[in-house]
Amino acid sequence: MLFGVFSLLVVVVFGVQNYQEYESERVFLIEALNTLSQTAKQVSPPDMVGPYLPKEEEKQTPDLDTLSLIYSNPVCIVTFDNGTPLQVYASDLEHVDINSVIDQANLIYQTAHLGEYSIGNLYFDGTCWQLTKTKAVILIDTIKIQKRLFRRMIGSALLACGFEIILYLICRAVVARMIAPIEAAFKKQRQFIADASHELKTPVAVILANVEAMQQDGNPKWLTNIEEEAVRMNGLITSLLDLARSEQAEPQLEPVNLSRLLEKQCLIMEAAMFEKHLELVEHIEEDVKVMGQPSSLTQVIAILIDNAIEHSHGKVIATLRRQGKEVVMMISNTGVPIPPEERERIFERFYRADTSRNRASGRYGLGLAIAKSIVESHHGKIRVDCSGGVTSFVVTLKAA
């Protein structure tokens, strides 16, 4: 559609340009014929009585444009006496066939009316003419004009084709750039559905197997297994709903004391750290406020601290500070760094660096994807840095 509109515009522009050039040549020839008709009065046939030219016109001569036309295009003036060609005046005798000129002038004299002229089609007709009121026929050879118009038309066509090719390449690049995010979104959606189906398939299969086993011997342990898998499935579905909600809903932003939210969540998660013999280190500035939604930001903090606890080998560090017009929150943990090739992918849905360990611990690879979605909905950024044996998830938000 876009290419078609621009193509039509190019055709119109070059078409108008060629039309204007054609009309310019046509108007010039009409003016030249009128000027030459005045000149032809000076070569009037001998049967005309008295001085034909008024005194004020006796000094009239062709202008420079007409003289240029005469020198660049063969011009012939044929006078008649009682219907018989009398004299032939030619500007270029070497390239003019006098007999052909006389025949053409005689035909015009017999069929045309006094004062009539014809420019014809400058692309196909090679001559324009006029029968003056003094019974002289003016013939202008327009072959050179015809060739010039054709050269301009071919040049315009080639130029238009060049523009069309450039437009095609530009439109193709623009369309490809516009479609790329859509294709990526569809690809992610297909991958999301496939991954979700795969994750849901496992607990469903376990539940069905336990139901079948329970029907055979009625052991209560099968019911326990069913309950565990149901809880696991419920957790997965809840995570999926959280992810969908974070991607679709535009949060209502308000001033939020991020310092309090981070301190509160650290206090809540301190018991889990104690069980794993982890040390919590806090570097939290007081009364740091951001524009956000409290419940969503709390979820981000919980996800990042939980992730740090899961992968820490000694310390979990919570940092919050102002940085100009922005606020930087950093949740870090000591331990094995994330490989460089996985640092971008860890924010993808269902991506897990250690698949078997994460599945066994009830993790589905959705936490960081949810955190990224929430941060981006708050017009912020999230990234991961690894240096000196410390892995840090850095969240940047606008200060309130």
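Helices (H or I, at least four residues) and strands (E, at least two) were taken as DSSP runs and numbered from the N terminus. The structure is a predicted model, in which local features need pLDDT of at least 70 and side-chain atom pairs count only at pLDDT 80 or more, whereas totals for chains, interfaces and linings use all residues. Residues are numbered from 1 along each chain as its sequence is written, and side-chain values use heavy atoms, with hydrogens and water left out.

On this basis the chain has 9 helices and 12 strands. Buried residues, meaning those under 20% relative accessible area, as against exposed ones over 50% and partly exposed ones in between (1.4 Å probe, protein chains only), make up 38% of the 400 residues in the chain. The chain exposes about 23,800 Å², of which carbon and sulfur atoms supply 58%; accessible areas come from the Shrake-Rupley method with a 1.4 Å probe, and for residues only the protein chains shown count as cover. With contact defined as heavy atoms within 4.5 Å, 68% of the contacts between residues at least 6 apart in sequence join residues at least 24 apart.

An open sheet is formed by 5 strands in the order β7-β9-β10-β12-β11, with mixed pairing, where two strands are taken to pair if DSSP finds at least two bridges between them. The edge strands of this sheet are β7 (279-284) and β11 (381-387), each of which pairs on one side only. Neighbouring strands of the sheet are turned by 15° against each other on average, direction ignored; axes are lines fitted to C-alpha atoms, for helices over the stretch in contact, and angles run from 0 to 180 degrees between N-to-C directions. Within the sheet, strand β10 (residues 326-334) and strand β12 (residues 390-398) run antiparallel and are joined by 9 bridges, and Val 327 stands opposite Leu 397 in β12.

Helix α7 (residues 294-311) lies across β9 (315-323), β10, β11 and β12, and runs at about 25° to β10. Helix α9 (residues 367-377) also packs on the sheet, where it touches β11 and β12, and its direction makes about 130° with that of β11. Of the 11 residues of α9, 8 are buried, so this helix is largely enclosed by the rest of the structure; the buried residues are Leu 368, Ala 369, Ile 370, Ala 371, Ser 373, Ile 374, Val 375 and Ser 377. Just after α9, His 379 takes a positive phi of about 60° although it is not a glycine, and its place is in the loop between α9 and β11.

A further set of paired strands involves β3, β4 and β5. Strand β3 (residues 117-118) is joined to β4 by 2 bridges, the two strands running antiparallel, and the bridge partner of Tyr 117 in β4 is Gln 130. On pairing with strand β5 (residues 136-141), β4 forms 5 bridges in the antiparallel sense, and here the bridge partner of Leu 131 in β5 is Val 137. The hairpin of β4 and β5 has 4 residues between the strands, and in this hairpin Lys 135 takes a positive phi near 65°. Strand β4 (residues 127-131) is itself largely enclosed by the rest of the structure, because 4 of its 5 residues are buried. Cys 128 is buried, with a relative accessible area of 0%, whereas Cys 161, at 45% relative accessibility, counts as partly exposed. A search of the whole structure finds 0 disulfides, a disulfide being a pair of cysteine sulfur atoms within 2.5 Å.

Two asparagines were also examined. Asn 82 lies in the loop between β1 (75-81) and β2 (84-90), where its phi is near 55°, a positive value in a residue other than glycine, and the residue is exposed, with a relative accessible area of 69%. Asn 257, by contrast, lies in strand β6 (residues 254-257) and counts as buried at 13% relative accessibility. The side chain of Asn 257 reaches the backbone nitrogen of Ser 259 at 3.1 Å. Leaving aside its neighbours within four places in sequence, Asn 257 is in contact with Asp 287, Val 288 and Lys 289.

Conventions: A polar contact is a pair of N or O atoms within 3.5 Å; within protein, one must be able to donate a hydrogen and the other to accept it, and residues adjacent in sequence count only if both atoms are side-chain atoms.
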